Amino acid sequence: MKSRAAIAWEAGKPLEIAEIDVEGPKEGEVLVRIVATGVCHTDAFTLSGKDPEGLFPSILGHEGGGVVEEVGPGVTSLSPGDHVIPLYTAECGKCKFCLSGKTNLCSSVRATQGKGVMPDGTSRFSLNGKKLHHYMGTSTFSEYTVVPEVSLAKISKEAPLDKVCLLGCGITTGIGAVRNTAKVEPGATVAVFGMGAIGLSVVQGAHLAKASRIIAIDINPDKFEFARQLGATDCINPNDYDRPFQEVLVDMTDGGVDYSFECIGSVNVMRTALECCHKGWGESIIIGVAGAGEEISTRPFQLVTGRVWKGSAFGGVKGRTELPGYVDDYMNGNINIDDFVTHTMKHEEINEAFRLLHDGEAIRTVLTY
Ligand code: NAD
Ligand code: AHE
Ligand code: ZN
């Protein structure tokens, strides 16, 4: 079938809107009509050419919501008409990772996903006979996409897809990192670096977890009003200080914060985020994605003296079992998504959505088909 899509032909170039060919779902696969998709910094990161797994040409996009159009042979958990959120972190429920009870990382389709193909090693996307890669197992920048059954969370049909699509990445990642990775407890002090959709969702999650102090940090002060609205108690710009920023935070918090979150993708900020943690117990959670070849560093003494460095992917959330609950929380008014949608536009304006993200003007742009 034909599908309107945005093609990433090569790194650093604008996406091209074109009508591509999409093959129907094979064994264990599902054809999904994407209704709405957000644009996440990770899409921009991959398009920039800094992603070691970035492949071109490809169909990017991983923050979508859609409707099942057709299921392939062997698919049992979904039927046409079901509303779904594609998952870049699958949940097969059977692999060593799923069975461990220790992680949301599932190994069932991850290897082929990283190579831009379906689990059978082939692509369902092409243009004039030329193969186009899948991306993150989701490729939500095509109106019709093919996704493994294990990479789809079935959600309430009542939920507006042009809002809950953001649970496909940004909002779940931030709230989940607070709940599952850090396990922030009432009264804890928290520092959040980067006030994009991810950091703002950490702020929201920390507020829901009843943290006593939530310090929002960004070099763009335009982000602070929304951060305060979501529960930030302090908003600070590192550029306003002429001494090491970790010292500023340690002084502000009687020895350091209980938890910090890096939501930018800067290895320098990752170090600051670790070193602003309290001696003996402070934990720093890396969420931001850094470019190929970049490495983190600190004095090992920082860890010897009790600080902990952790990372979080999709907020530690198991998508098929837990994401429907996040959707219900939104529907019940317990999670704010609406205010994260600062811009909405048609899919063909996708390059403008990337510009808004780069220029710090949008928290999230939601594209509809
Ligand atoms: P974004 O571009 O919307 O927001 C980033 C924010 O960081 C901006 O407000 C920017 O002003 C601020 N910033 C940039 N440099 C800074 C600095 N030196 N100090 C303080 N603030 C600074 O991005 P986003 O969509 O919120 O994504 C944030 C990061 O999280 C990206 O690296 C993205 O790839 C990553 N991410 C990771 C996961 C995961 O599962 N681990 C999920 C989603 C996104
Ligand atoms: N491909 C990159 C890593 C990218 C990365 O870390 N992705 C995050 C999700 S970002 C969503 O916006 C993630 O979940 N990683 C775990 C995984 O299995 O991909 C690289 O460095 O190779
Ligand atoms: Zn994302």
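Predicted model: local features only at pLDDT ≥ 70, side-chain atom pairs only at ≥ 80, totals over all residues.

UniProt positions are given here in the numbering used for this model, feature names are shortened, and annotations may be inferred rather than shown by experiment. With that caution in mind, select residues 197-324, which the UniProt record (an unreviewed entry) annotates as "domain: Alcohol dehydrogenase-like C-terminal".

Residues are numbered from 1 along each chain as its sequence is written, while chains are lettered from A and ligands numbered from 1 in the order in which they are written. The mean pLDDT of the chain (the predictor's confidence in each residue, from 0 to 100) is 98, and 100% of the residues reach 70 or more. The model scores ipTM 0.99 and pTM 0.99.

Now select residues 27-156, where the unreviewed UniProt entry places "domain: Alcohol dehydrogenase-like N-terminal". This span is 13% helix and 28% strand, and its end C-alpha atoms lie 25 Å apart.

Next, colour the chain by its domain assignment, which gives domain 1 (2-168 + 337-368) and domain 2 (172-313); such bounds come from an automatic or database domain assignment. The C-alpha centres of domain 1 and domain 2 lie 28 Å apart. Their contact takes 14 residues from domain 1 and 12 residues from domain 2, where two residues are in contact if their C-beta atoms, placed from the backbone, lie within 7 Å. On the side of domain 1 that touches domain 2, helix 1 (residues 41-48) gives the most, with three residues. The residues of that side divide into six nonpolar, four polar and four charged, where Ala, Val, Leu, Ile, Met, Phe, Trp, Tyr, Cys and Pro count as nonpolar, Asp, Glu, Lys and Arg as charged, and the others, Gly among them, as polar.

**The two ligands**

Which residues come nearest to ligand 1? Of the 33 residues around ligand 1, they are H41, G194, G196, I198 and G265. Helix 1, helix 5 (170-182) and helix 6 (197-208) are the elements that give two or more residues to this shell, and each of domain 1 and domain 2 supplies at least three. The shell around ligand 1 holds 18 nonpolar, 13 polar and two charged residues.

Move to ligand 2, whose surrounding residues include C40, D51, E53, R110, C169 and F314. By class, the shell around ligand 2 has seven nonpolar, two polar and three charged residues.

**Backbone details**

Most residues other than glycine have a negative phi, and most peptide bonds are trans. Select F56 and P57, however, and you will find a cis peptide bond between them, with omega near -5 degrees; P57 lies in the loop between helix 1 and strand 4 (64-71).

K210, with phi near 65 degrees, is found in the loop between helix 6 and strand 11 (213-217), whereas F314, with phi of about 50 degrees, is in the loop between strand 15 (308-311) and helix 11 (319-331). Is K210 buried or exposed? A residue is buried if 20 or more other C-beta atoms, placed from the backbone, lie within 10 Å of its own, exposed if 12 or fewer, and partly exposed in between. K210 is exposed because 12 other C-beta atoms lie within 10 Å, while F314 counts as buried because it has 23 C-beta neighbours inside 10 Å.

**A last stop**

Finally, select E149, in the loop between strand 8 (144-148) and strand 9 (152-155). Leaving aside its neighbours within four places in sequence, E149 is in contact with G28, E29, V30, V75, S77 and L78.

Key: Near = placed C-beta within 6 Å. Helix = DSSP H or I, 4+ residues; strand = E, 2+ residues; numbered from the N terminus.
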